[in-house]
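Hello,

Here is the structure I said I would pass on. My notes on it follow below.

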Amino acid sequence: MSAAAQIPLMPADRWLLRVSLWIPLGALLLFFALPMLYIGARSFMIDGGGVGLGNYLALLDTPGVWRATLNSLWLGLATTVVTLVLAFFLAYGLERTCMAGKRFVGLCLSLPMLAPSLVLGLGLIFILGRNGIVGKVLDIRPEMYGFWGLLIADVLYALPQAVMILRVALSQADARQYEAAEVLGASPWRQFMDLTLPGMRYGLLSAGLVVFTITITDFGNAVVIGGDFSVLATEIYNQVSGQMRFGMGAVVGLLLLLPAALSVWIERVAARRQAGIGAESASPPQPVRAPARDAAYTVIGIGIAASIFFVVATVVVAGFIRLWPYRLDFTLKHYDITVSGGYDSLWTSLAVSLLAAAAGTALLFLLSFSVRRLGGWSARLVTLLAALPVGVPGLVLGLGYVFAFNAPDMPWTVFYGTVWLLAMCNFYHYHTQGYVTMMTGLRNVPSALEDAVGVLGGGTMRLLRDVYLPAARNTLWTVAAFLFMRSMVTLSAVIFLITPTLSLSAVTVMRLDEAGFTSQAAAFSSLIMLVVGTVSLGLHLANRRAGGH
């Protein structure tokens, strides 16, 4: 805590600090803690009437749920193994070799972040589905629906995040250790086994658990390409939307919460230990040219990146093709969306995402500022509360919103069916990632400036206006762009909250695909990617113009 924090506060400053803390904390309790309490309570309310353990006992006689659980675990493990192997190869190539095409690989890895997860499943259907282009060329009818299709789609979706984590782990190594090993005569293979792998163990564990969590909680790919291979995410959707068994849906949601929460807890422990490995004075090893090795990484790395690009590009192209893959002439007719409401859901998504980005960034800034000023056990307690949303899958959070905000006679029911509720659901789905980014940015605020404001008699308002806001400007733009992008493409958290008059763009893509209008789904997905890319680029340019990095 800086010296300025120890200077006695004026009454107005104390009130401002309380407001800065309790507004975001109250929103966190209302829009996260309350829905989770409702999920727990609803699991004990039997759908036919009464309260008890009936839903939990019925779970024992529901083989479909257990089959979906085993499928989810098997799919999660397989996806994690394949993704880690590919991610390690890409991360090592980008950080430790002089492979060509690094910018192309980086660009391709960013593509899945611009689109709903179901776009990758949609692209695989266009390429390898029963009526895909591969089947037409080879005159066969490949079967992509089920485990193998889901495995490929989930690997492509989770790969960018795994590569990002492993690149951070590789960048924390110390070049001096490698120089010492070289002086002692250690071969490159010995250096890899004794230095690189041990230094990455927590990064590998962290990446593996993140991939596992993403896979078992993903809804978009499962609903598009899963076929008869049921998983827990689709089982919750079927229990609630298909069979109207809300109590059983709550129980299955809690079942999905367990492995996801355990994975997140282990990942956070691993991340903390990984953060303690690198010394502040360490500098990462600089890649040295090795023609044979660099050529191998170039070929394989660009091949993996091109696979992602090809799948996403196929979706874009398919939106302009009259009848994929039989009549390949150009047309714009698929952009005439025939589903009810047309493009209304796209504009609703834009409004919801801008609201989530603006309100979410403001709430996170106030909460992070308050935590820095609080210190001690109260700061640790608020930090723990802020970290809890990361362990809750989107489907479970959305279901909790239905139970909490559709409850009659409760004052918070006024939010149900509004744009504001959709924005808050999206925001609290990604609350923890935004909070961690904001706290990291505020740690860079020089404490000497805080002390100077305190010594000169400036209050909390001057501290916010003259120190924190200018110093955290780059972080504010980064958090706003992140919240906007994720809010535009998320599906699982809001699938239960849409109404006939208030839908979102990712849900429209799913509806079009379910109705068999796959080319229209491709066209709509392309527009989502265009909007996300354009607004994100605009935020980035605005940040640079304002003096950020």
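**Notes on the model**

Proline 325 sits in the loop between β1 (321–323) and β2 (327–330); strands (E, at least two residues) and helices (H or I, at least four) are DSSP runs, numbered from the N terminus. The peptide bond leading from tryptophan 324 to proline 325 is cis, with omega near -10°.

The model is predicted, so local features need pLDDT of at least 70 and side-chain atom pairs count only at pLDDT 80 or more, while totals for chains, interfaces and linings use all residues. Residues are numbered from 1 along each chain as its sequence is written, and side-chain values use heavy atoms, with hydrogens and water left out.

Aspartate 139 is not a glycine, yet has a positive phi of about 60°. Aspartate 139 belongs to the loop between α6 (133–138) and α7 (147–171). Aspartate 139 counts as exposed because its relative accessibility is 70%; buried means under 20% relative accessible area, exposed over 50%, and partly exposed in between (1.4 Å probe, protein chains only).

Methionine 244 also has a positive phi, near 55°, and is in the loop between α12 (232–242) and α13 (246–275).

The domain assignment gives domain 1 (14–41 + 337–548) and domain 2 (62–276 + 284–330); such bounds come from an automatic or database assignment. Their contact takes 36 residues from domain 1 and 36 residues from domain 2, where contact means heavy atoms within 4.5 Å. The centres of domain 1 and domain 2, taken over C-alpha atoms, are 25 Å apart.

Regards
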